[in-house]
Amino acid sequence: MRVWELCKRNLRETYRDPLGMGFLLGFPLVFMLLFGAIFSGDTVSSLPVGVIDEDNTPLSQAFVNEALSEVPAFEISTYDDADTALRDLKFGELDAYIVIPAGFGQQVSRSWQGEKADITLQMTYDESELIISEQLISIINAVARAFARIEIPLTIDATPIHIETEITYVDFIGPGIIIFGLLILIPTSARTVVRDKEKGMLSRLLTTPTRPVDFILGYSLYLVVIAIAQIIIFMVAACLLGMDIVGNFWLAFLIFFLAGLCSIGVGMVVASLSKTEQQAEPLCWLISMPLAMLSGCWFSIEMMPQYLRGLAYAFPYAHAIDASRGILVRGVGMEAVSNDFLFLIGWAVIIFTIGIILFQRSMRS
Amino acid sequence: MTSHRVKRARIDDLAIQTFNLTKNFDGLVAVDGIELNIRKGELFALLGPNGAGKTTTINILCCLLKPSKGTAQIMGYDILKQPFKIKEIIGVAPQETAISEHLNTKENMSLIGRIHGVNSPELKGRSQQLLETMGLVGRAKDQVRKFSGGMKRRLNIMMALIHNPEVLFLDEPTLGLDPQARRAIWEYITQLKGEKTILLTTHYMDEADFLADRIGVMDEGKIIALGSSQELKAGMREKNTMIVSAQNLTPKVIEEMRSRYAEVSITGDTMLITDSKLDFREIVDRLQSSGATVRSAHIKEPTLEDVFLNLTGKELRE
C-alpha cells in the first residue's frame, strides 16, 4: 500500500516533467543509436583471413563456405598449407589464419547429436594489431559456437547447412552496450532518492509510519518501471541497428531486467550512504564506469588477467553480458545460462538487503 | 493516596514530555538538557534565534534524529522505544516546505493521508475541509510548483493535518512570508488552538506573542525562560522605561532626574527614564513644576524582544 503510494507519486513526478522524462527515456535511445553508428556499418573494414582446412570433410567445408564466408567483416581465402599462410601474414596480406584441424567435422557432428565434443580451431594472428585480433577472436569464437550448436537432422550430407545468423560486430557488442546502459541506472536510481533527501521530502515521509523497506521498495518499484521501458528501447534500437536475436527474446529480457535490478539496488545503497546529490553522483560514476570496463561492455574480458576476470565475475554485469550474448547471439536456452541467472538473482537479493539495512541506519542518525 | 491520584492525572494531561533531552553534533551541543512539559491541547512556542536548537529539538521529537542523551515522550510513547507509534499520531510541517512539486494540492495531501492509512471517503472529506479552511479550494487540482511561498506554506500545514494527528509540529510556519500571508496563517493556526497539541518554533517574537499559550525562550540549546507571554513580560517589570516628550527641559531638572532614577537619557525633546520603580504622576508633576511643557508621556510595555535582550544580552534577530 505505502509502497504503491510512493511509486505512484514518483511516476507522476516523472511523467509530468517532460525534461526529466526525456532524459530517462531519450537518453538510452540516443545512446544506443550512437553506439550503433560507431560499431555497425563498414567502419570495420574487411579483415583478410586465411583458412587451411586440414579436416576436409563436408562439415569443415560447410563451416568455411557457409559460416566463415558469411561474416561480412571477413575476407576469406583458402590455403593448402600453413607455411604459405604464415608468409602472407608476415607480409601483412593476412590479419590472421585459421587451421581447421583433422577431426573437426567429427567433433561438430558429435556436438550436434548432443554428445560431449572437443571442437578446436587453431588461429594465428598478428598480435600487434590489438583491436583487430580482439575482434577476430570474438567473431571466430562466436561463429564457431553458433555453427557447432545448430540443431540439424542427422543426415548431414542430405541437408544443406544453413547458418541462421550472420555474426556481425553489432551482434557481439550489442549485449555489452545494453548492459552499459543499465549500469547508468545506478546514478539514475541514486539521484531519485537523494533529490528527495535534499529537498526535505524524505524527512517529511520519515515522520510518517513508512518503514525503511517501504521506502526502498517504493522507489525501486518506480525505477523498475523505468528500467523496463529502457530495456525495451535498448533492444528495439539494437535490433534496428542490425543485432539479430537468435535465442528467446524474453529470456534475454529477463537477464537484462535482473541486471537492471542490481543497478537499482546499488543506486539505493549509494543513496543511503550520501546526503547530497553532489556526494552521490561522483560515487555512482566511480562505481559504474570501472564496472562497465571490468565487465566487458565494450570488449571481451577473455583477454584480461586472471585476477581481474575473477573480480569481474564477482559482480553481476559480466555474468549478464555472458548470458545475454549466449541467448541473443548463439541462441542458447535457460539450461546454458542458469548459473548466471542464479548469480544475478542472488546478487540482487543481497544488494537490496544491504540497501534496506543501510537505509534503516541512516534513517535516524 | 489523594496526592498520588493528582500526580497521575497531571501526567496523563501531558502531550509532550522531555527528560534531559540532549543532542551533540561532532562536539557541538545543539540541544542541551531540555526539560519540557507540554499539556494536551496547548499551543507551545519555542522562540529563539536561528541556530538556537529549535529545529533539532523538533526533529528529535518527530523521531528523525536520535538524542545523544535523555529521551522524550509523545502522548506517553517513548521516542526511542516506540518511534512508529509516535509517527502514527503526529503531523509535521517541516521548515523547508517539503511538497511534491509536480503533484497537485489534493494529490500531495492524499500521498500523506494514504501513507497514514486514511481511507478514501475520509480522505476526500478531510481534504475538502482543509482546502476550505486554508483557502485553497480554487487551486485543488493545480500542480504546486507554480504556487506562491504563502500557498506552499499553507499546503505544508494541510499535509501535516490530513490524517487528523493528535500532536502537530510546526517548524517556522511563516518563515520568509510577507505580513499579509503571515496573518492568514496565524488565523488558521488560531482555529486549531485547543483542538490539537501544537509545538511551534519561530524566531519571530510577534508570532510567539500572538499565537502561543506558553513560550519557551531558547538560546544555545537551552530553555532560558518559560511561561506565557504575560508572565515573561512581567518578569521584566523590575526594569521599566518611561518615555516623555517635553519642551523647555532645563539642565537643572535633567540633573534632578538623573540623581533620582537609575538611567536617564535625552535625545532632542524626548527623555527616556529607566528604573525598577517609576511613578508616572510623580515624574510628570516634577517636570511640569520645573517649567517644562509635557506634550506626552507613557510607560513603555516590555516586548519579548526586551525579554530576550535582557536574558541573553543579544538581539533576537541577527
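1. In this predicted model, strand β14 (residues 270-275) of chain B pairs with β13(B) in the antiparallel sense, and 5 bridges join the two. Within β14(B), B:Thr274 is the residue that stands opposite B:Glu263.

2. The strands β13 and β14 belong to an open sheet of 4 strands in chain B, ordered β13-β14-β12-β15 with antiparallel pairing. The edges are taken by β13 (263-267) and β15 (293-300) of chain B; each has a single partner strand, so one side of each is left without a neighbour in the sheet. From one strand to the next, the twist averages 15°.

3. A helix of chain B, α10 (residues 251-260), lies across β13 and β14 of that chain. Its direction is at about 150° to β13(B).

4. Elsewhere in chain B, B:Ala98 is placed in the loop between β7 (90-93) and α4 (105-115). B:Ala98 has a relative accessible area of 0% and is therefore buried, the cut-off being under 20%. Leaving aside residues up to four places away in sequence, B:Ala98 touches A:Lys199, A:Gly200, A:Met201 and A:Arg204 from chain A, together with B:Asn156 and B:Met159 from chain B. Between the C-alpha atoms of B:Ala98 and B:Tyr204, which are 106 residues apart along the chain, the separation is 21 Å.

5. In chain A, the surface carries a nonpolar patch formed by A:Ile232, A:Val236 and A:Leu240, whose accessible area together is about 310 Å². A:Val236 lies in helix α10 (residues 212-240) of chain A. A:Val236 counts as partly exposed because its relative accessibility is 45%, and residues above 50% would be exposed.

Definitions and conventions. Residues numbered from 1 in each chain as written. Chains lettered and ligands numbered in written order. Predicted model: local features only at pLDDT ≥ 70, side-chain atom pairs only at ≥ 80, totals over all residues. Heavy atoms only, no water. Patch = residues over 30% accessible without salt bridge, like charges linked within 9 Å, V, L, I, M, F, W, Y side chains within 5 Å. Areas by Shrake-Rupley, 256 points an atom, 1.4 Å probe, with all protein chains shown as cover. Salt bridge = Lys/Arg side-chain N within 4 Å of Asp/Glu carboxyl O. Buried < 20%, exposed > 50% of the residue type's maximum accessible area, 1.4 Å probe, protein only. Contact = heavy atoms within 4.5 Å. Pairing = 2+ DSSP bridges. Axes fitted to C-alpha atoms, helices over the stretch in contact; angles between N-to-C directions.
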